[in-house]
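Please examine the protein shown below, first by its sequence and then by its fold.

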Amino acid sequence: PGVVKVEFKPGLSGVAARFDPSRMYRVIVNFLTNASEAMVGKGEDPSNFTTGQPKIIISTAQGSGVIKISCADNGPGIPDDILAKIREPLFTTKAFGIGLGLPAIEKILHEHGGKLCIETRVGEGTKMVACIPIQQEKRDAA
C-alpha cells in the first residue's frame with residue numbers, strides 16, 4: 001500500500017551469488033507483503049493499522065561466506081507464541097492469508113543452500129534475513 005514507506009540500502013558492491021532470479025523475486029515479494037500486511041493489513045482502513053508511520057527497509061550486506069538480503073519493518077513484532085508457529089505450513093494469523101509465505105521462502109532459500117533468520121521485538125518490528133552462500137556448491141535438483 002502507498003502508505004508504507006519503502007527504502008533500499010544496498011551494501012554488496014561487487015559481491016555476487018548464484019541464484020534463480022524468479023525464485024528470489026518471490027522471496028522479496030513475500031518479505032514485503034508480510035511486513036506490509038503486519039503493519040497495515042490490506043491498507044484500506046487506517047483504524048486497522050498497527051503502526052502510525054509504517055516503514056520497510058530492504059538492505060543487502062555480506063556476512064561470513066554469505067550475502068544477506070534483509071527486510072526490516074517497524075511493525076508490531078511477533079510474540080513468542082506466534083513466532084514458534086510461523087514457519088509451519090498453513091499457519092497464519094491473517095483473516096485473508098493461507099500460511100504458505102514463510103514456508104515457501106524457506107524452501108527457496110534451502111534450495112539455494114541458504115537459510116532464513118528472523119529477528120523480532122514485540123512493539124518494535126521484525127527483520128527477516130535471507131542468507132545465500134556467496135560460492136554455491138553444485139546441487140542436483142530433486
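This is a predicted model: local features need pLDDT of at least 70, side-chain atom pairs count only at pLDDT 80 or more; totals for chains, interfaces and linings use all residues.

Residues are numbered from 1 along each chain as its sequence is written, and side-chain values use heavy atoms, with hydrogens and water left out.

Let us begin with the sheet. Five strands form an open sheet with mixed pairing, in the order β1-β2-β3-β5-β4. The edge strands are β1 (5-9) and β4 (115-121), each of which pairs on one side only. On average, neighbouring strands of this sheet are turned by 15° against each other, direction ignored. Helices (H or I, at least four residues) and strands (E, at least two) are DSSP runs, numbered from the N terminus. Two strands pair if DSSP finds at least two bridges between them. Axes are lines fitted to C-alpha atoms, for helices over the stretch in contact, and angles run from 0 to 180 degrees between N-to-C directions.

The pairings can now be followed across the sheet. Strand β2 (residues 55-62) runs antiparallel to strand β3 (residues 66-73), and seven bridges join them. In this pair, T60 stands opposite I69 in β3. Strands β3 and β5 also pair in the antiparallel sense, over seven bridges, with A72 opposite K127 in β5. Seven bridges likewise connect β4 and β5, again in the antiparallel sense, and here E119 stands opposite K127 in β5. Strands β4 and β5 form a hairpin with three residues between them, and G123 in the turn has a positive phi of about 85°. Eight of the nine residues of β5 are buried (under 20% relative accessible area, whereas exposed means over 50% and partly exposed lies in between, with a 1.4 Å probe and protein chains only). Strand β5 is therefore largely enclosed by the rest of the structure. In a regular strand the side chains alternate between the two faces of the sheet.

Helix α3 lies across β4 and β5, and runs at about 140° to β4.

How many salt bridges does a search of the whole structure find? The search finds five, a salt bridge being a side-chain nitrogen of Lys or Arg within 4 Å of a carboxyl oxygen of Asp or Glu. One of them joins the side chains of K55 and E7, at 3.1 Å from N to O. This pair links distant parts of the chain, with K55 in strand β2 and E7 in strand β1, 48 residues apart. K55 is partly exposed, with a relative accessible area of 29%. K5, E7 and K55 are linked in a network of salt bridges.

A further salt bridge connects the side chains of R23 and E111, at 2.5 Å from N to O. Because R23 lies in helix α1 and E111 in helix α3, the pair ties together parts that are 88 residues apart in sequence. R23 is partly exposed, with a relative accessible area of 29%, and E111 is also partly exposed, at 34%. E111 forms a salt bridge with K107 too, and the closest N and O atoms are 3.6 Å apart. E111 and K107 both lie in helix α3, four residues apart, which is about one turn of the helix. K107 counts as exposed, at 51% relative accessibility.

Finally, consider the surface and the loops. A nonpolar surface patch of about 320 Å² is made by L90, I98 and L100. Patches are made of residues with over 30% relative accessible area and no salt bridge, where like charges are joined within 9 Å and nonpolar side chains (Val, Leu, Ile, Met, Phe, Trp, Tyr) within 5 Å. Accessible areas come from the Shrake-Rupley method with a 1.4 Å probe, and for residues only the protein chains shown count as cover. Another loop, between α1 and β2, contains G52, which counts as exposed at 72% relative accessibility. G52 and S64 are twelve residues apart in sequence and 36 Å apart in space, C-alpha to C-alpha.

Key: Contact means heavy atoms within 4.5 Å.
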